[in-house]
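Look the model over first, then read on.

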Amino acid sequence: MLASCSAGSVAPVTISQAIAGVQVDLTKAGVVSVSGVQDWTADQASRFDANVRALQCAQHTSDPVVAMIAGPVTMSLTGTFSQSGSFSVSAASALPVFGLQADASRSKGQALNVPVQFVPLSALPDAEMGRQVGYAEALLSQNDGVRHDEGARILFDRDALTAHVRLLVSGYDGSSCSDDVRPFVGARHAS
């Protein structure tokens, strides 16, 4: 009988389900990585370009402000379920008296920490380089070939992204903008 009091409890969410949910949300948001631009596939470059064009059109400028994930994404999951109850029977004259008391509490929480930095498109290569330097800090503090290789790779990434961004900034004229383009979603097609 007490078990029926806890019916309807929230089904547990596994860590892998929570992480998969975050990945799906980021994909739906149209998040495009700016790391390793020299290794982008044609599809990655096309999605980045579409996102930039949507931002340019939405902000009516060749150098729009863009949001970038500026550090590691962290997630914390919490969940508790507690249940207590009591059952008593007493006789206070000829009729027995039944008493039932039950308490149940449920809580579920999920927090996602996404550090976001807002920068002009033209400053995106330097901001991305700063993020990469932060990740490679331990390697860059050494004085050996690994440090020099990693530093050269980061500079090469920045230079490649700078060249790509300059093409997008110089190619904007506003005439190709339409109301069907949304930042970080792309073109919306009527079905």
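Buried means under 20% relative accessible area, exposed over 50%, and partly exposed in between (1.4 Å probe, protein chains only). This is a predicted model: local features need pLDDT of at least 70, side-chain atom pairs count only at pLDDT 80 or more, and totals for chains, interfaces and linings use all residues. Residues are numbered from 1 along each chain as its sequence is written, and side-chain values use heavy atoms, leaving out hydrogens and water.

Q: Is Cys 177 buried, exposed or partly exposed?
A: The relative accessible area of Cys 177 is 27%. Buried requires under 20%, and exposed requires over 50%. Cys 177 is therefore partly exposed.

Q: Which residue forms a disulfide with Cys 177?
A: A disulfide is a pair of cysteine sulfur atoms within 2.5 Å. Here the sulfur atoms are 1.9 Å apart. The partner of Cys 177 is Cys 57.

Q: What is the angle about the S-S bond in the link of Cys 57 and Cys 177?
A: The link of Cys 57 and Cys 177 is left-handed. The angle about its S-S bond is -85°.

Q: Is Glu 128 buried or exposed?
A: Glu 128 has a relative accessible area of 3%. The cut-off for buried is under 20%. So Glu 128 is buried.

Q: Which side chain does a polar contact of 2.5 Å join to that of Glu 128?
A: A polar contact is a pair of N or O atoms within 3.5 Å; within protein, one must be able to donate a hydrogen and the other to accept it, and residues adjacent in sequence count only if both atoms are side-chain atoms. The side chain joined to Glu 128 is that of Arg 131.
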